[in-house]
Amino acid sequence: MLVDSHCHLEYKGLVEDQQGVLSRARKAGVAKFLNISTRRSEWDQVIGTAERESDVWASVGIHPHEADQHADLGREELLKRAEHLRVIGIGETGLDYYYDKSDRAVQRDLFRMHIDVARETGLPLIIHTRDAEADTLEIIEDEKGKGDFPALIHCFTASAEFGARVVELGLSISISGIVTFKNAKDLQEAAKDVPADRLLVETDSPFLAPVPHRGKPCEPAFVADTARFLAELRGVQEEELAKQTTANFHNLFSKVAA
């Protein structure tokens, strides 16, 4: 059984047929789903889906693209929502200097606020980083100095050096369907070196459909294709990788078991 550790079930492309999407994923062997929020207006939806579906869990957070619209979001709002039984993660949050849809200083401030909430609640921080390795690492290192917090880099596409450093800092790494792309040679090499006990898999659906589904809206069921490719890449059996990544998910998102 597999876990899709990062999907957007409320997004266009999935929400119109959410029951069908979940059914197809379950048939493909997906046992749990982490439904990620990216803006304040989504929190009720992601929590509502998690309340209806016993195998779906929720996160609460603000994506860096949305930072400007949430610059005044107080930590108390996040803390209050994090108390919900079905909320198991904080995010996604982080830095995106590729699209620069929000002021970088605001992105950094909100990122630190999310870290503070993750530290206080003990819920894992779900980090998005794109073209912002140096600042992302600087903030993580600085905040780790103030007190530890659980976290993972989702949809990992950064350098192998960045990956090695965040692992040293205690973070996990989640691999998406990008690893199956023909032009993802650097990512494929980096994915081989992620320690087995720090590795998760995800779809980031409805984005980034893996081979052989390129050009289609991505679905949580496709995490099986990514896991299959990743197992071959790392030279392990599919069942072993599924068992390990599922155990890693439960170890990191310990509120699920609780």
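Reader: Which element gives the most to the lining of the largest cavity?
Author: Helix α9 does, with three residues. This is a predicted model, in which local features need pLDDT of at least 70 and side-chain atom pairs count only at pLDDT 80 or more, while totals for chains, interfaces and linings use all residues. Residues are numbered from 1 along each chain as its sequence is written, and side-chain values use heavy atoms, with hydrogens and water left out. Helices (H or I, at least four residues) and strands (E, at least two) are DSSP runs numbered from the N terminus.

Reader: Which residues line that largest cavity?
Author: The lining consists of V3, S5, L200, V201, T245, T246 and F249. Two or more of these residues come from each of β1, β8 and α9 (238-252). A cavity is a set of points on a 1 Å grid over the protein atoms alone where a 1.4 Å probe fits but cannot get out; a pocket is an open set with protein on both sides within 12 Å along at least five of seven lines; and lining residues have an atom within 4 Å of a point.

Reader: How many cavities of 30 Å³ or more are there, and what space lies in the largest?
Author: The structure holds one cavity of 30 Å³ or more, and the space in the largest cavity is about 30 Å³. Volume here is the space filled by probe spheres set on the grid points, which are joined across faces, edges and corners.

Reader: How does its lining divide by residue type?
Author: Four residues of the cavity lining are nonpolar, three are polar and none is charged. Ala, Val, Leu, Ile, Met, Phe, Trp, Tyr, Cys and Pro count as nonpolar, Asp, Glu, Lys and Arg as charged, and the others, Gly among them, as polar.

Reader: Turning to the largest pocket, what is its volume, and which residues lie nearest its centre?
Author: The volume of the largest pocket is about 550 Å³. Its lining has 20 residues, and H63, H128, R130, D204 and L208 lie nearest the centre. Strands β4 (87-96) and β5 (125-130) are the elements that give two or more residues to this lining, and β5 has the largest share, with three. By type, the pocket lining holds six nonpolar, eight polar and six charged residues.

Reader: You mentioned L208; what is its phi?
Author: L208 has a positive phi of about 60°, although it is not a glycine. This residue lies in the loop between β8 and α8. L208 is partly exposed because its relative accessible area is 29% (buried is under 20%, exposed over 50% and partly exposed in between, with a 1.4 Å probe and protein chains only).

Reader: What about D131: buried or exposed?
Author: D131 is exposed, since its relative accessible area is 54%. Although not a glycine, D131 has a positive phi of about 55°, and its place is the loop between β5 and α5 (133-146).

Reader: Where are cis peptide bonds?
Author: The bond from G91 to E92 is cis, with omega near 20°, and E92 is in strand β4. The bond from V211 to P212 is also cis, with omega near 15°; P212 is in the loop between β8 and α8 (223-234).

Reader: Now β7: are its faces buried or exposed?
Author: Both faces of β7 (residues 172-175) are covered, with S172 and S174 buried on one side and I173 and I175 buried on the other. In a regular strand the side chains alternate between the two faces of the sheet.

Reader: Which strand pairs with β7 over three bridges?
Author: Strand β8 (residues 199-201) does, in the parallel sense, and L200 in β8 is the bridge partner of S174. Strand β6 (residues 151-153) also runs parallel to β7, joined by two bridges, with L152 opposite S172. Two strands pair if DSSP finds at least two bridges between them.

Reader: Which helices make β-α-β units with these strands?
Author: Helix α6 (residues 160-168) makes a right-handed unit with β6 and β7. Helix α7 (residues 185-192) makes a right-handed unit with β7 and β8. Right-handed means that, with the strands pointing away from the viewer, the path from the first strand over the helix to the second runs clockwise.

Reader: Lastly, is L2 buried or exposed?
Author: L2, in strand β1 (residues 2-7), counts as buried because its relative accessibility is 9%. Beyond neighbours within four places in sequence, its contacts include V30, V201, A227 and T246 (heavy atoms within 4.5 Å).
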